[in-house]
Amino acid sequence: MDIQALKDKLLFNNAQYNFEKIEKAYRYAQEAHSGQRRNSGEEYINHPLEVASILAELEMDDSTIIAALLHDVAEDTEQTLDNIRKVFGSEVADLVDGVTKLGKIEYKSKMEVQVENLRKMFLAMAKDIRVVLIKLADRLHNMRTLKYQSEKKQKEISQETLEIYAPLANRLGIFRIKWELEDLAFRFLNTQEYYDLVEGIALKRKERQDQINEVIEILKVKLEEVGIEADIAGRPKNFYSIYKKMVNQNKDLSEIFDLTAIRVVVETVNDCYGSLGIIHTLWKPIPGRFKDYIAMPKPNMYQSLHTTLISNHGEPFEIQIRTWEMHRTAEYGIAAHWKYKEGKKDENNFEQKLSWLRQLLEWQHDSRDAGEFMESLKLDLFADTVFVFTPKGDVVELPADSCPIDFAYRVHTDVGHGCIGAKINGRIVTLDTKLKNGDIIEILTTKNPAGPSRDWVCLVKTSQAKNRIRQWFRKEKREENILRGRDGLEKEARKMGMEPASALKNENIQKLAKSFNFNGNEDLYATLGDGAITFKRALGRLKDEILKEEVEINYLQKGEQRPPSKSSHGVRVKGVDNILVRFSRCCNPLPGDDIVGFITRGRGVSVHRRDCNELFGMTSEEQERLVEVEWEKNIDSVYPVDIEIIGMDRARFVTDIMNVIMETRTHMLAMNARVGKDHVSHVNLKIEARNLEHLNFVLQKIRRIKDVTVVERIQSGGSN
């Protein structure tokens, strides 16, 4: 991929593009990423080019293409968002900011990091949907090149793709991206099952193709007879959807018949229903397997008629009927209706098409922790849907398997709290009854409601209902939770060997409440009482505050003047001086790295890079021992760094590497070289670097060596 190939794709769209500005963005990104390479060994600039190319296929506008070319500049180079804003304007800078991951993460777990990135992305989506289109294109190209990552990384990224990004593409109706993301993730998560399925389907499709062709020929003739112009073709279903069907229905591949759906594309909606009538006279439809997504579109705007029939050979097959406009929406989803496209700003229903996103942000605002947010996200954003009616005929969309309580809370919070029963299609039903498409729901309420039952949390499927029920109990049980929180904190303090009278004095609790962003002590106690914050986590944070205070008191009691802000290794603990500081051998931080401290038992504070593997998977108690640290200015010291170099083996390969190390006047502490399969050379170095800038200079020099494909800083795997 090069800039000319991207321009050729854009020219094919028959749209007006500012090619001068696009080329300017390409040159800007190329210079910013100069010297950087991906794990595959190719120049980094190829990645933003590929992302822009995917968006060109979705026929996106100049600003989206430019933001795609620049989407990693603010995160991975010395260029800032302010620089991008000055050169390319606020619109592009805001898009890049929406895609950029959060910098200087201060969260305690990997899930919290993921959740905060997702929150930021959804907020940016609410302002401009192009943010998520860039993010999806970015993820798609990363999945296409995932084979160059470690097996662990492949599994992690694929799992996230399957749980978050593929369903998000589905929710936005961009099926061409959804299907590819699913199949790529499936390949890395279940490799053996994937290739077995690919092989099995290849054999089975040969058997089925003649039957599909027979259906297509018969249908073409009949539609021509009545004057309906139609494009008819077979579309193979993606591997992951077939695999899911096999797992969910506990079937073997030989029992799955609809490996290919026949798609009929016509000119008008009338032709859709006319074609359906003819199809049902040619083949017998299976009862209950007809779906009218034209009259009742999916929330991702998808429209088609789906019918499953029995062939002349006795096997079921599916036909999908749609117009060309519906077909375009099925392929491109929200991108096909994007309100800024070609200056069209008169699509009044565009905001309605994104109403689910507004609701999502409103409901998730109440989620207190990362786990609750992820649970809510998967429930509301990615669940299959069911459409039901109010008694007045209004359509309400809910997740599949929702019950009348979900419907009640969707109408209004007070209706949910006052719900005492429900009618479905005029008949009284139990509150755990699962709703079906087309049901007419009526909620029975009382003027003096007793409020929701705790059991309802297990019955409902929407996070809106779950959050409202939990909020009611928090509010109703506040006094009880305050007492429970105060007593529980005292008991836990005694268990940890702390004296409650001293440790839990009012000023300490005030500091603790403030650290959790609560307005007062009672809010803290109430939150502890309902379990949203654990007692161990609160006391761990309180110990940090007491530790800092004790250090200050020691200086005052001794009448000593505080020493200057110097500490071992050029690092100091924020707010505290004269504490033993040492570097962890697992990640070997350098001046310039984003760092965090960990209070060890009897060995002072160990300093880690924030992206250190050792920090992920910590227990909640360990997470509470993390403290803020910072680099001193004007450090005159050197630090050990581990580097891995991969390249094609040849004569003098290692010698060339050593010469570069000598040329950069860098001291080498150790080296290990080996030649693996296919004559690939692996060289591991331990060098001394002054700071991150010095290290990047050395890495850039090594990358220029002939036959070097990968150069990266690695974590040594040593202990704290």
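I began with Arg-652, which counts as exposed at 52% relative accessibility (exposed means over 50% relative accessible area, buried under 20%, partly exposed in between, with a 1.4 Å probe and protein chains only). Arg-652 has a positive phi of about 70° although it is not a glycine. I located Arg-652 in the loop between strand E17 (639–648) and helix H29 (653–663); helices (H or I, at least four residues) and strands (E, at least two) are DSSP runs, numbered from the N terminus.

I noted that this is a predicted model, in which local features need pLDDT of at least 70 and side-chain atom pairs count only at pLDDT 80 or more, while totals for chains, interfaces and linings use all residues. Residues are numbered from 1 along each chain as its sequence is written, and side-chain values use heavy atoms, with hydrogens and water left out.

I then looked up Asn-425, also not a glycine, and found a positive phi of about 55°. Asn-425 lies in the loop between strand E8 (419–424) and strand E9 (427–429), and counts as partly exposed at 45% relative accessibility.

Next I turned to Ser-311, in the loop between strand E4 (305–310) and strand E5 (316–323). Ser-311 is buried, with a relative accessible area of 10%. Leaving aside neighbours within four places in sequence, I found Ser-311 in contact (heavy atoms within 4.5 Å) with Trp-283 and Phe-317.

Finally, I traced the open sheet of five strands, ordered E1-E2-E5-E4-E3 with mixed pairing; two strands pair if DSSP finds at least two bridges between them. Its edge strands are E1 (230–236) and E3 (284–292), each pairing on one side only. E4 and E5 run antiparallel and are joined by six bridges. Ile-310 has Pro-316 in E5 as its bridge partner.
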